[in-house]
Amino acid sequence: MKFSTRQDIEAPADFVFGHITDFEGLERQAMRRGIDFSRKSPTQPRGVGAGWTLKVPFRGKLRDLDAEITEFDAPNALMAMAKSGGLNMEITTELVPLSAQRTRVTFGYDVRPTTLSARILVQSVKFAKSTLQKRFEKRVKTYCQNLSEQYQVAQSG
């Protein structure tokens, strides 16, 4: 099952990529949302091989999630792979500079079941796919608007 969306951001690609790969900031956001995590390799904060072990609340339970950066092509693309139970997940981010001050960002999230129970879970989630797609798009849009605002503040200050 795949979710994807694209948004335009009023900021250069380098600025956008720098914020998308601000793993320390993303870790702080995760902590505020109640996600327990630890880095696999504290000596490698950015780039291919950076990884985390997380405990994520999903459907009323804490689920173990293992995530790792598999592609890091600054400022063009970022890809991460994650595994949780019988699910393999691929998160992709692609940046295309439209002009010196505008960037198009494409976010993708692909979930693939590897076990029978995971297939049943994914099948049950497919019934709510349109709702989940809208929620995904809304979150990405809010994140991109915040990045545009941060860039405007950085330019004026």
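Which strands does H3 lie across, and at about what angle does H3 run to S7? In this predicted model, H3 lies across strand S3 (51-58), S6 and S7, and runs at about 130 degrees to S7. The legends below start with the sheet.

**View 1. The sheet is open and has 7 strands.** The strand order is S1-S7-S6-S5-S4-S3-S2, and the pairing is antiparallel. S1 and S2 are the edge strands, each of which pairs on one side only. From one strand to the next, the twist averages 20 degrees.

**View 2. S1 and S7 run antiparallel and are joined by 8 bridges.** Within this pair of strands, Asp-8 stands opposite Arg-104 in S7. H1 packs on the sheet and touches S1, strand S4 (61-73), strand S5 (77-84), S6 and S7. The direction of H1 makes about 160 degrees with that of S6.

**View 3. Glu-10 and Arg-102 form a salt bridge between their side chains, at 1.8 Å from N to O.** The two residues belong to distant parts of the chain, 92 residues apart. Glu-10 is in the loop between strand S1 (2-9) and helix H1 (13-20), while Arg-102 is in strand S7 (residues 102-113). Glu-10 is partly exposed, with a relative accessible area of 35%, and Arg-102 is also partly exposed, at 28%. Both residues belong to a network of salt bridges that links Asp-8, Glu-10, Arg-102 and Arg-104.

**View 4. Glu-24 and Arg-39 form a salt bridge.** Their closest N and O atoms are 3.3 Å apart.

**View 5. The closest N and O atoms of Lys-55 and Asp-64 are 2.7 Å apart. Lys-55 is partly exposed, with a relative accessible area of 34%. The largest nonpolar core has 34 residues.** The members that touch the most other members are Ile-9, Val-16, Ile-20, Trp-52, Leu-54, Ile-69 and Val-105.

**View 6. Thr-93 lies in strand S6 (residues 87-99).** Thr-93 is buried because its relative accessible area is 5%, under the 20% limit for a buried residue. Leaving aside neighbours within four places in sequence, Thr-93 is in contact with Ile-20, Asn-76, Ala-77, Leu-78, Val-105, Thr-106 and Phe-107.

**View 7. Val-125 lies in helix H3 (residues 116-126).** This residue is buried, with a relative accessible area of 13%. Val-125 and Met-1 are 124 residues apart in sequence, and their C-alpha atoms are 9.1 Å apart in space. Leaving aside neighbours within four places in sequence, Val-125 is in contact with Met-1, Arg-59 and Leu-132.

Note on methods:
Residues numbered from 1 in each chain as written. Predicted model: local features only at pLDDT ≥ 70, side-chain atom pairs only at ≥ 80, totals over all residues. Heavy atoms only, no water. Core = buried A, V, L, I, M, F, W, Y, C linked by side-chain atoms within 4.5 Å. Buried < 20%, exposed > 50% of the residue type's maximum accessible area, 1.4 Å probe, protein only. Helix = DSSP H or I, 4+ residues; strand = E, 2+ residues; numbered from the N terminus. Contact = heavy atoms within 4.5 Å. Salt bridge = Lys/Arg side-chain N within 4 Å of Asp/Glu carboxyl O. Pairing = 2+ DSSP bridges. Axes fitted to C-alpha atoms, helices over the stretch in contact; angles between N-to-C directions.
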